[in-house]
Structures are given as C-alpha cells and as structure tokens.
Amino acid sequence: MDRPDLSLRAGPPGMYALVVSIQTMPGRRSEYESAIKADMMPALKKVGFTNVWTSDTVFGGPANEQTVVIPLKDTGELDQGPPLTRALGPEAAAKVEARLDAMTQSSQMRIVKVRPELSNMPEPTK
C-alpha cells in the first residue's frame with residue numbers, strides 16, 4: 001500500500017534505485033514512522049533527494065514490513081556516502097541510526113536497475 005506520508009515525489013526517477021525492505025519490531029511501527037518523518041526525510045531533502053517511495057507490505061510478507069525505494073541518477077551517488085551522514089554529520093547520524101536500529105527487527109538493501117518500460121512508476125506530486 002502506497003505511503004505518501006513517508007515519501008517524496010518531486011523529481012524524475014533515476015537509472016538505478018536503492019531498495020530497502022524493513023521490518024519493525026512488534027509494537028514499534030508508529031514510533032519508527034515518526035522517527036522517519038522527523039529525522040530521515042528532512043535529511044534526505046537536505047542532501048538533494050527528490051524521490052523516496054515508501055509502501056507497506058499488504059500481501060506476501062510480514063505485516064510489519066515496509067519497502068523504501070530511493071531512485072539514484074547513477075551508481076556514483078553511492079560513492080558520496082550515507083545521506084544521513086552527509087546531512088547531519090557522523091555523530092548526529094550515529095544517534096539517529098541507533099534510535100532507528102532499536103526499532104528495527106531486520107532490514108535488507110539491494111541496488112536495482114530501473115526499467116521504466118516494465119514498471120508502474122509513481123506520479124510526481126506538485
């Protein structure tokens with residue numbers, strides 16, 4: 001299920017995407033989402049990300065799972081380092097990461113090549 005409240009949709013999709021599947025600890029999902037809204041989204045905006053697509057798993061996965069897709073212009077964006085560290089600096093980023101880690105049961109990251117001709121891409125918001 002689409003989560004516009006945990007998403008950014010202001011720019012074109014990239015050639016690649018970082019796809020993160022996150023399972024929150026039981027009973028901590030709303031706290032996790034509040035932390036994402038308060039800490040992660042402003043940091044991503046600060047370093048220039050215009051697209052972050054979040055959805056909840058509805059069928060075929062755990063009820064406490066979300067998938068976050070972060071489009072990348074190219075794989076060179078990965079060489080710039082973690083967005084949270086770039087936005088907040090190492091110490092502040094470590095504190096936010098520790099807070100999020102305490103609410104996370106598991107996470108998995110992968111890099112994928114975007115195939116718009118085979119995809120149902122989200123519409124940008126104005």
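Residues are numbered from 1 along each chain as its sequence is written, and side-chain values use heavy atoms, with hydrogens and water left out. Because the model is predicted, local features need pLDDT of at least 70 and side-chain atom pairs pLDDT 80 or more, while totals for chains, interfaces and linings use all residues.

Helix 1 covers residues 29-46; helices are DSSP runs of H or I with at least four residues, strands are E runs of at least two, and both are numbered from the N terminus. Its 18 residues should span 26 Å at 1.5 Å a residue, taking 1.5 Å times one less than the number of residues. The end C-alpha atoms lie 25 Å apart, which agrees. Still, there's a kink of about 40° centred on I36, the bend being the angle between axes fitted to the seven residues ending there and the seven starting there. I36 is also among the buried residues of the helix, along with R29, Y32 and M41. Just past the helix, G48 takes a positive phi of about 100°.

S7 sits in the segment before strand 1 (8-9). It counts as buried because its relative accessibility is 13% (buried is under 20% relative accessible area, exposed over 50%, partly exposed in between, with a 1.4 Å probe and protein chains only). Leaving aside neighbours within four places in sequence, S7 touches M41, V52, W53 and T54 (heavy atoms within 4.5 Å). A polar atom of the S7 side chain lies 3.0 Å from the backbone nitrogen of T54.

As for rings, the charged end of K113 sits over that of Y16, 5.3 Å from its centre (NZ of Lys or CZ of Arg within 6 Å of the ring centre and within 35 degrees of the ring normal).

How values were computed
A polar contact is a pair of N or O atoms within 3.5 Å; within protein, one must be able to donate a hydrogen and the other to accept it, and residues adjacent in sequence count only if both atoms are side-chain atoms.
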